[in-house]
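This report covers helix packing and backbone geometry. Please look over the sequence and the model first.

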Amino acid sequence: MSESNSTGARVAIITGAARGIGAAVAKRLAQDGFAVGVVDLDEAAGKATVEAIEAAGGRALAVGADVSDAEQVEAAVGRVAAELGAPTVLVNNAGVIRDNMLFKMTESDWDTVMNVHLRGAFLMTRAVQKHMIDARWGRIVNLSSTSALGNRGQANYSAAKAGLQGFTKTLAIELGKFGVTANAIAPGFIQTEMTKATADRMGVAFEDFIAYAAKEIPVQRVGQPEDIANLAAFFVSEGAGFVSGQVVYAAGGPKA
Ligand SMILES: NC(=O)c1ccc[n+]([C@@H]2O[C@H](COP(=O)([O-])OP(=O)(O)OC[C@H]3O[C@@H](n4cnc5c(N)ncnc54)[C@H](O)[C@@H]3O)[C@@H](O)[C@H]2O)c1
C-alpha cells in the first residue's frame with residue numbers, strides 16, 4: 001500500500017453511511033481492510049454503522065456533517081485525517097429524494113436535491129483530493145442512478161444523477177495522472193429507506209412495491225445494499241487502477 005495510516009490500513013470516507021447503501025459500503029470496505037470515516041448528517045446516526053464495523057474487528061469513526069455545507073465538509077475531512085489517517089478513498093453516496101411532477105416541483109425541491117448530490121459530491125471531492133494527490137493514489141466512487149436516464153416525477157433527481165456522471169468523467173480526466181480513478185455506480189431498485197419512502201408516498205405497501213418491481217427486473221429480484229457494496233469494493237481495489245471514468249449500471253438487467 002502506497003499510503004496508509006499507522007496501522008497500515010488505507011482510509012476511506014463514505015458519505016450517507018448511517019444506513020442503506022452507504023452503511024453496506026462502509027461495512028464492506030472495513031471488511032476489506034480500510035479504516036472508514038462514516039459521514040452522515042449527525043454523528044449519532046453513524047454510530048450503528050461504526051459499532052457494526054468495530055464488532056467485526058474493523059476500525060471506523062462516525063462524523064456528523066451536511067455534505068452540502070463547505071465548512072462542515074472541511075471539518076469532517078480534517079477530523080477523519082487527524083483521527084484515522086489521510087483519506088484516499090471517497091464514496092459520494094449521501095442522497096435525498098424530493099419527487100414531484102415538474103409542474104408541482106418547488107424551487108426548494110430542486111435546490112435540495114442539487115445541493116446534496118451535486119454540491120455535496122463537489123465539496124467532498126475537493127476536500128479529499130488533496131490527500132489523494134499527496135499519496136499519488138486515490139479512488140473516488142459516485143452514486144448515480146438508473147434515474148439518470150429519465151424517470152417520471154424525478155426531474156431534479158435525474159438531472160443530479162446525470163450530472164454526477166459528467167462530474168465523474170471529468171474527475172477521471174483531471175486526476176488520472178495522480179493515480180486517482182473516479183467511477184460511478186448507477187443502481188436500479190435497491191431495498192432501502194429511500195425506496196420505502198417512495199412506496200409510502202405512493203400509498204403502496206413496501207412488500208407489494210418490491211414484488212411489483214421484481215417482476216420487471218430480469219434477475220427477478222430487487223437489489224440489496226450489499227449488491228452495490230460489492231461493486232464499490234471492486235472500484236476501490238488496487239486491481240481496478242486501469243478502470244476510470246466509467247458508469248456501471250447495477251440494476252439486475254441492462255435497462256433501467
Ligand atoms: N435505493 C435505491 O433504489 C437507489 C437507487 C439508485 C441510487 N441510489 C442512491 O444511492 C445513495 C444511497 O441511497 P439509499 O437508498 O441508501 O438512501 P437512504 O435514504 O437509505 O440513505 C441516505 C443517507 O444519506 C444521508 N444524507 C442525506 N442527506 C445528507 C447530507 N446533506 N449530508 C450527509 N448525509 C446525508 C441520510 O441521512 C441517510 O443516512 C443515494 O445517493 C441514492 O440517490 C439509491
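Which residue follows helix 4, and is its phi positive or negative? Arg 136 follows helix 4, and its phi is positive, near 50°.

## Basis

This is a predicted model, in which local features need pLDDT of at least 70, side-chain atom pairs count only at pLDDT 80 or more, and totals for chains, interfaces and linings use all residues. Residues are numbered from 1 along each chain as its sequence is written, and side-chain values use heavy atoms, with hydrogens and water left out.

Helices (H or I, at least four residues) and strands (E, at least two) are DSSP runs, numbered from the N terminus.

## Helix 4

Helix 4 spans residues 107-135, 29 residues in total. From first C-alpha to last it reaches 41 Å, close to the 42 Å expected at 1.5 Å a residue. The expected span is 1.5 Å times one less than the number of residues.

A kink of about 35° is centred on Asn 115. The bend at a residue is the angle between axes fitted to the seven residues ending there and the seven starting there.

## Helix 3 against helix 4

Helix 3 (residues 70-83) packs on helix 4 at about 35°, with the axes 10 Å apart. Axes are lines fitted to C-alpha atoms, for helices over the stretch in contact, and angles run from 0 to 180 degrees between N-to-C directions. The crossing is right-handed (the near helix is turned clockwise from the far one by less than a right angle).

Helix 3 contributes Ala 70, Val 73, Glu 74, Val 77 and Ala 81. They meet Arg 119, Leu 123, Met 124, Ala 127, Val 128, Lys 130 and His 131 of helix 4. Contact means heavy atoms within 4.5 Å.

## Helix 1 against helix 2

The axes of helix 1 (residues 20-31) and helix 2 (residues 43-55) come within 10 Å and cross at roughly 25°. Helix 1 is therefore roughly parallel to helix 2 (angles under 35 degrees). Their crossing is right-handed.

Ala 23, Ala 26, Lys 27 and Ala 30 of helix 1 make the contact with Thr 49, Ala 52 and Ile 53 of helix 2.

## Positive phi in loops

Arg 136 lies in the loop between helix 4 and strand 5 (138-143). Gln 220 sits in the loop between helix 7 (206-215) and helix 8 (225-235). Its phi is near 60°, a positive value in a residue other than glycine.

Methods. Parallel < 35°, antiparallel > 145°, perpendicular 65-115°, else oblique.
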